[in-house]
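Hello,

Here is the structure I am handing over to you. Please look at it first; my notes follow below.

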Amino acid sequence: MSMHDTTAQDHHVVLGAGALGGATAEALLGAGLKVSLVSRSGAANAPAGAASIAATLGRDDLASQCRGAAAIYFCAQPPYHQWPQHFPALQDAAVTLAETVGAPLIVAENLYGYGTVDAPMTESTPLRPTTRKGGVRTAMHHALLRAQDEGRVRVAVARGSDFFGPRVQGSAVGARFVDAVRAGKPAEAMGDVDALHTYTYVKDFGAALALLGRRAEALGEVWHVPNAPAITTRRFIELAYRLSGHPPKHRIMRRAEMAMIGLFIPAVREMIEMGYAFDRDYVVDHSKFAAAFGDISTPLEAALAETLDDARQWSPA
């Protein structure tokens, strides 16, 4: 075992049972580790082999159930439209849990804090948010740094771009996109479909988190998770439709239309301010992670095929 490997303790705790929490738990289980998945519902869809803990973050007895954990992974988040009200407190509870247990905290973040960019994003790109949710994310990151500087907790941060993959819901290429592709209906797209865009396969994000939680040298750092090479959204759509056996088709969602849909689907309304990420090239550089741990990204075609296969299993057309 590497002197930098923290797997001497084999119990890992994942907070959040959504697509990313599930992918992280699967990656840890695949490494032969014991995994507990914490969610309010008790995660009826937890991966086979993972223990489920029904609890809200901040509950008094949760720390006792996590005692001895090698690492805690913060993959939970409130509904998109409730970020300002609830997300910071949720992270504060995760920090307190990790501090109480004495385990490092591995935090899943996104790219919103960078704001509008004109070059590939690296971990040293300044945090200059231009949206409400970007401001929330930036404030939360600074709170993490303060907790670390105060010696309360050791932290590693992993950042990914727009998710796709099994069980992904509220994303530009989440469930609505997959449902349209499988039905041969026009996919909804934003902005310039011929601009380059980095898309993050949720299983690659989970694998990256699982790796960072087992490597002591990952702590105290920000890491961009590995992604397949950036691609135009038009090409992403074409590839997905080809795999589904349908001719590609899409339509551009205008902001006024999204606002109307958002009256009934809050998550769509919250996408409006993120339109800037699709109006220009939006490319992530993950060379820091690749140099330290290897490039673990899944080829895009294989990732899309697995996404479509998973959707068939859960909601047959």
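Does Phe-236 count as buried or exposed, and at what relative accessibility? Phe-236 counts as buried because its relative accessibility is 1%, where buried means under 20% relative accessible area, exposed over 50% and partly exposed in between (1.4 Å probe, protein chains only).

This is a predicted model, in which local features need pLDDT of at least 70, side-chain atom pairs count only at pLDDT 80 or more, and totals for chains, interfaces and linings use all residues. Residues are numbered from 1 along each chain as its sequence is written, and side-chain values use heavy atoms, leaving out hydrogens and water.

The protein has a mean pLDDT (the predictor's confidence in each residue, from 0 to 100) of 92. Over residues 1-8, pLDDT stays under 50. Where pLDDT is low, the predicted coordinates should not be read in detail.

The whole structure holds 13 aromatic pairs (rings of Phe, Tyr and Trp, for Trp the six-membered ring, with centres within 6.5 Å; planes under 30 degrees apart are stacked, over 60 edge-to-face, the rest tilted). One of them is the tilted pair of Phe-177 and Phe-236, at 5.7 Å centre to centre and 45° between the planes. That pair links helix α5 (residues 175-183) with helix α7 (residues 233-244), its members being 59 residues apart; helices are DSSP runs of H or I with at least four residues, strands runs of E with at least two, numbered from the N terminus. Phe-177 is buried too, at 6%.

Trp-223 and Phe-289 form an edge-to-face pair, because their planes stand at 85° with centres 6.3 Å apart. Phe-289 is buried at 0%.

Regards

Conventions: Contact = heavy atoms within 4.5 Å.
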